[in-house]
Amino acid sequence: MTEELVKVTIDGVELAVAKGTTIIEAAKQAGVLVPHYCYHPSLPSPAVCRMCLVEVEKAPKLMPACVTTVAEGNVIHVNSQSAKRARESVLEFLLINHPLDCPICDQAGECELQDYVFQEGQAGTRYGDYAKRFNPVEDFGPDVLYVPNRCILCTRCVRFMDSVAEEPVLNVSERGDRAYIGIDPEQPLDHPWSGNVVDLCPVGSLISKDFLHKARAWDLDKTASICPGCTQGCNIMVDTRDEVVVRLRPRPNLDVNRHFICDEGRAGYRWMNRGDRVEAPVVRSGAGRAAVDWDAAVDALAGVVREVGAGSTVLLASGRASLESLGWTARLLADTRLTAAIRVPTGAEAPLAGISDLALRAERVPNLDGARLAGYSADFDGALRAAGSAALVVLLDVELSDDERSRLGGAGRVVAITTVDDDAAAGATITLPTTSMVEESGTYLNRDRRVQRYHQARSAPGMARPAWWIASEANAALRGDAAPATPAEAFAALGGWLPALAGLDYQALGFTGKVVDLASSGAAR
Amino acid sequence: MSGGHAATGGHDAVAYEPVFVGETRAKLEALFPKYPTKQACLLPALWMVQEARGWVPPQGIAEVAEVLELTPAYVRGVVTFYTMYHLHPVGRHFIQVCGTSPCHLCGSDDVIAAILKETGCGELGATSPDGRFTVAEVECLGACGFPTPVLIDDDFIDAVTPERVPGILARYP
Amino acid sequence: MGYPHPSHQKENVVLSKYFGDVEARSFAGWVKRGGYEALKKALGMTPEAIIEEVKASGLRGRGGAGFPTGLKWSFMPKPSGKPHYLVCNADESEPGTFKDREIMRWTPHQLIEGCAIAAYAIGAERCYIYIRGEFTEPWKIMSAAVQEAYAKGALGESAFGSGKRIDIVLHRGAGAYICGEETAMMNSIEGKRGNPRIKPPFPAQAGLFGMPTTINNVETLSAVPHILSRGGAWYKGLCLSNPKSTGTKLFSVCGHVMRPGNYEITMGFPMKDLIHDLAGGMRPGRRLKAVIPGGSSVPIMTAAEAEAALCDYEGIVEQGSMLGSAGFIVMDDSADLVYEIYRLAKFYAHESCAQCTQCREGTAWTTKILARILRGEGKTSDLDLLLDLSEQMTGRTICVLSDSCAAPIVSGIKKFREEFDAYLSRTKAPVAVVA
């Protein structure tokens with residue numbers, strides 16, 4: 001299918017765009033950002049903020065770029081004097097009732113009102129000493145507060161609940177300058193995807209209770225990542241402040257999660273800041289345990305694998321482990337009779353009605369399909385049963401209950417590659433500190449066969465190393481294979497024994513991932 | 001002359017009686033075939049609630065939402081848009097006086113003052129101490145050639161002058 | 001006729017012939033006065049022929065925009081199995097305008113007949129008549145008339161045995177001026193907030209319930225039976241000035257005149273005669289100061305402009321304003337222009353739907369500035385500020401409510417600046433207004 005193209009000129013840039021493209025999207029392609037508030041690419045456009053008015057030559061008045069589609073030969077000026085004057089005026093109107101409480105506003109630093117006023121607003125106000133509109137803060141739901149005084153009535157939140165969540169629990173109430181975002185007292189904003197209204201709000205009007213007064217936007221380091229909450233693989237941004245994860249937010253990926261994440265995923269960061277970590281390799285010798293350096297630890301690991309020979313091994317892994325770690329750890333045990341499984345906690349599915357194929361999935365791990373590709377099953381209990389009689393059990397960052405741990409009792413040896421310093425770690429033959437997904441870079445394979453990268457968001461504690469590094473170093477000691485030095489190398493090498501990944505590298509995955517063909521892999525499903 | 005509404009004090013204590021039962025239910029359902037969506041019956045349904053209760057209480061909003069398969073929040077957004085729905089109880093008789101420019105030019109201020117004085121309401125928006133009247137100044141009633149028009153409950157009265165006020169109000173016990 | 005006053009000899013009564021005649025309200029009474037002949041005639045014609053006749057008449061929308069009615073009808077797509085709708089705009093709320101109310105009060109069947117003809121012409125089986133909530137009396141009269149029209153076979157499954165289905169549903173508003181805007185009205189009928197919609201899509205493509213829709217004003221539709229009966233050429237011939245403005249039109253005249261009322265005159269009639277003769281002129285000892293002719297949403301005319309203008313779409317534009325809905329707000333020299341402009345701004349601030357920034361904030365802000373001037377607390381710079389804000393409120397928003405607020409302000413300051421200056425210089429006693 002060939003798209004019909006129309007030629008347009010936007011602020012002097014000539015380009016051809018698909019017929020039916022809105023001016024605001026065409027301008028993006030021309031490298032021109034048209035300032036806007038109510039427009040959002042994942043929501044219907046009401047054209048109410050009037051911020052995106054642009055000059056279209058031969059049109060009698062300024063046109064809203066968010067709903068006006070380009071026509072052949074259009075000459076469009078985003079930064080003409082009249083368009084800029086109109087925007088300046090909209091900003092002035094928006095500010096007359098705004099409290100200007102930026103110093104205590106969570107949105108400051110990432111506020112579109114602040115940004116555009118800074119960019120092209122007036123320095124002073126002509127509003128004078130009239131009283132500003134005032135309404136008290138309202139509790140909208142489990143995590144959302146509404147600060148009506150900061151609201152610019154862009155209605156993104158209302159449209160999200162209406163058209164995307166398809167549960168219209170927010171409204172515009174009243175008329176004129178008395179209008180505000182309303183809710184029914186009997187029906188709180190508790191939809192499993194409702195937290196998105198906080199991100200959608202261009203100002204500090206809808207704010208997260210969880211994030212309230214935790215950090216200033218400019219103190220945050222932002223890292224592109226993948227939500228570890230379920231098999232959907234929503235793209236996220238991990239926000240850290242001084243090495244502490246303080247917030248997860250959606251990162252746009254039109255093929256996976258558009259601009260949204262669910263509330264469970266959003267809230268699922270606390271474990272990332274756990275303090276009870278293993279920080280050094282520990283090897284048991286006789287009745288004692290001794291901290292060792294990595295050379296000794298790797299040798300010890302290679303040693304136990306060598307001793308097992310072709311014996312039976314069980315690998316119990318976390319579904320949060322990366323493709324790299326799962327792949328290399330299984331590789332290390334490739335010559336043994338290996339039973340590998342990941343633990344897959346489940347929960348209720350929570351779809352986002354207005355977006356096809358987007359849901360909080362029942363399987364609450366990010367890498368179920370990656371694990372399957374790498375030869376792991378989801379039959380954790382079955383693997384655990386086999387563990388009792390195995391010559392070697394490798395725990396890859398799984399936390400076991402007391403009962404489960406007791407079932408390892410008959411195993412010859414237990415190696416715990418772990419983040420957490422728990423009883424399993426303490427009882428293991430070798431305990432190896434590893435990184436959590438926010439402390440390493442890696443990839444996950446989501447339920448739609450998309451391989452996606454996540455990036456290291458905070459530094460690893462102590463001597464913790466990614467599991468792929470640990471396994472590949474031991475593999476090198478065991479077999480003399482080359483060990484990858486970087487996550488990129490670790491990933492690129494996977495194609496050597498996992499055909500579905502052959503030829504792929506980090507560069508090819510980019511920021512939005514690549515869909516792979518599993519049929520060529522022969523992976524156990 | 002249309003009848004007024006019963007006083008609506010203290011209803012929080014009283015269990016809410018649904019409006020859409022019996023005849024009213026039938027009246028609403030008779031509207032359904034006239035529109036392709038149930039939602040289109042929202043304004044008529046809200047009118048029915050107000051007719052029955054004298055105002056649109058929160059339970060009325062919930063009930064309308066349920067019968068029309070909408071959310072209460074949605075109904076709230078709509079009901080607050082239209083000024084004729086009362087979201088608070090009003091007096092037995094609700095008086096709307098036009099105060100927009102054409103009527104103002106012809107003395108609506110004096111008519112409003114006379115009505116406030118005669119009803120004992122004191123100020124616009126207030127209900128008289130005897131619960132008999134609530135007076136509101138409203139925007140153009142569309143009878144500018146007959147100043148000053150006054151709407152008492154459903155009775156549209158043209159050409160009200162301060163002199164006529166006592167006689168007119170006497171008709172609303 | 002200038003109901004409640006007797007008809008004036010200079011009037012040309014067509015639509016208003018039976019105002020005040022209670023008998024004309026009934027089906028039988030209407031038939032006795034020649035009613036429903038036009039509908040019967042129309043049902044024997046093709047829809048295309050009806051549209052041609054209306055086009056030939058030169059009839060233009062009487063609600064304010066003045067768009068040619070026949071042309072509007074011709075935009076409706078050919079029947080395709082999708083429902084088509086006709087909406088009759090009876091949400092008359094424009095300050096100064098009270099003509100549709102009288103049409104519905106006295107001649108409900110005239111409107112029903114017009115609706116039925118139009119519905120047939122545009123292929124709409126159903127017509128919604130949206131009557132503002134405050135119009136309790138027209139509502140009762142129209143309800144009874146529609147019921148009677150069904151009973152007598154003029155409406156229903158087979159209008160007058162023609163086999164054509166024509167339904168009319170009355171829909172009651174609930175207090176929102178903006179619902180008189182056609183797209184807001186469609187939202188309101190759909191059970192939504194009365195927010196105006198962005199165009200395109202235009203109603204003829206995707207209107208009420210997303211279906212092809214035509215919206216016409218009460219007076220426009222009421223003229224249709226007469227055009228069908230007497231011919232488009234006859235209607236087109238009713239013209240005293242510009243050939244683009246044809247027919248008769250009801251002019252609502254209110255404010256400071258001796259005989260406020262609706263006067264039906266031929267297009268092109270001198271405004272001077274309308275105000276000073278038909279409407280009885282000023283009160284003794286008073287002079288004409290200003291006229292807002294289009295309802296309140298248009299520029300204010302000075303006495304000189306008004307007295308020089310001809311009453312049609314073009315004639316009023318030539319004198320610096322617009323015909324609009326032809327609701328004349330007449331002010332004599334006792335009127336306080338600043339206060340009246342403030343009062344209108346307050347009206348628009350009250351009625352703004354809250355969608356567009358300039359309108360939501362601008363109508364309220366300008367009201368505050370005007371109130372401050374009236375309180376004697378204004379600054380000299382306030383007038384420039386008002387003009388600048390008005391400029392940004394004009395041509396910037398989805399509908400024209402914001403423009404409508406600005407029009408009287410801008411024209412008021414330009415044409416009656418001395419009245420503002422009197423407050424600003426504290427030479428005029430302040431008025432106690434809140435906002």
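## A guided tour of chains B, A and C

Begin by selecting chain B of this predicted model: of its 173 residues, 49% are buried. The C-alpha trace of chain B spans about 50 × 35 × 25 Å along its principal axes.

**Chain B against chain C**

Now show chain C together with chain B. Here 34 residues of chain B are in contact with 45 residues of chain C. On the chain B side, select helix H2 (42-53), helix H4 (72-79) and helix H5 (101-105), the elements that each give two or more residues to this surface. Which of them provides the largest share? That is H2(B), with 5 residues. Colouring this side of chain B by residue class gives 22 nonpolar, 9 polar and 3 charged residues.

**Chain A against chain B**

Turn to the boundary with chain A, where 13 residues of chain A are in contact with 9 residues of chain B. On the chain A side, select strand S8 (170-173) and strand S9 (180-183), the elements that contribute two or more residues. S8(A) supplies the largest share, 4 residues. By class, this side of chain A comprises 5 nonpolar, 4 polar and 4 charged residues.

**The largest nonpolar core**

Next, select Leu316(A), Val415(A) and Cys115(C). Within the largest nonpolar core, which has 359 residues, these three touch the most other members. Centre the view on Val415(A): leaving aside residues up to four places away in sequence, its neighbours include Leu301(A), Val304(A), Leu392(A), Val394(A) and Ile430(A).

**Helix H7 of chain C**

Finally, select residues 136-151 of chain C. This is helix H7, whose 16 residues reach 23 Å from first C-alpha to last, close to the 22 Å expected at 1.5 Å a residue. Display the side chains of Pro138(C), Trp139(C), Met142(C), Ala145(C), Val146(C) and Ala149(C), which are buried. Looking down the axis of H7(C), one finds these buried residues within an arc of 135°, so they line one face of the helix. They pack against several elements of chain C, among them helix H1 (27-32), helix H6 (108-122) and strand S3 (167-172). The tour ends just after H7(C), at Gly153(C), which takes a positive phi of about 85°.

Methods. Residues numbered from 1 in each chain as written. Chains lettered and ligands numbered in written order. Predicted model: local features only at pLDDT ≥ 70, side-chain atom pairs only at ≥ 80, totals over all residues. Buried ≥ 20, exposed ≤ 12 C-beta atoms within 10 Å, placed from the backbone. Contact = placed C-beta atoms within 7 Å. Nonpolar A, V, L, I, M, F, W, Y, C, P; charged D, E, K, R; others polar. Core = buried A, V, L, I, M, F, W, Y, C linked by C-beta atoms within 7 Å. Expected span 1.5 Å × (residues − 1). Arc of directions from axis to C-beta.
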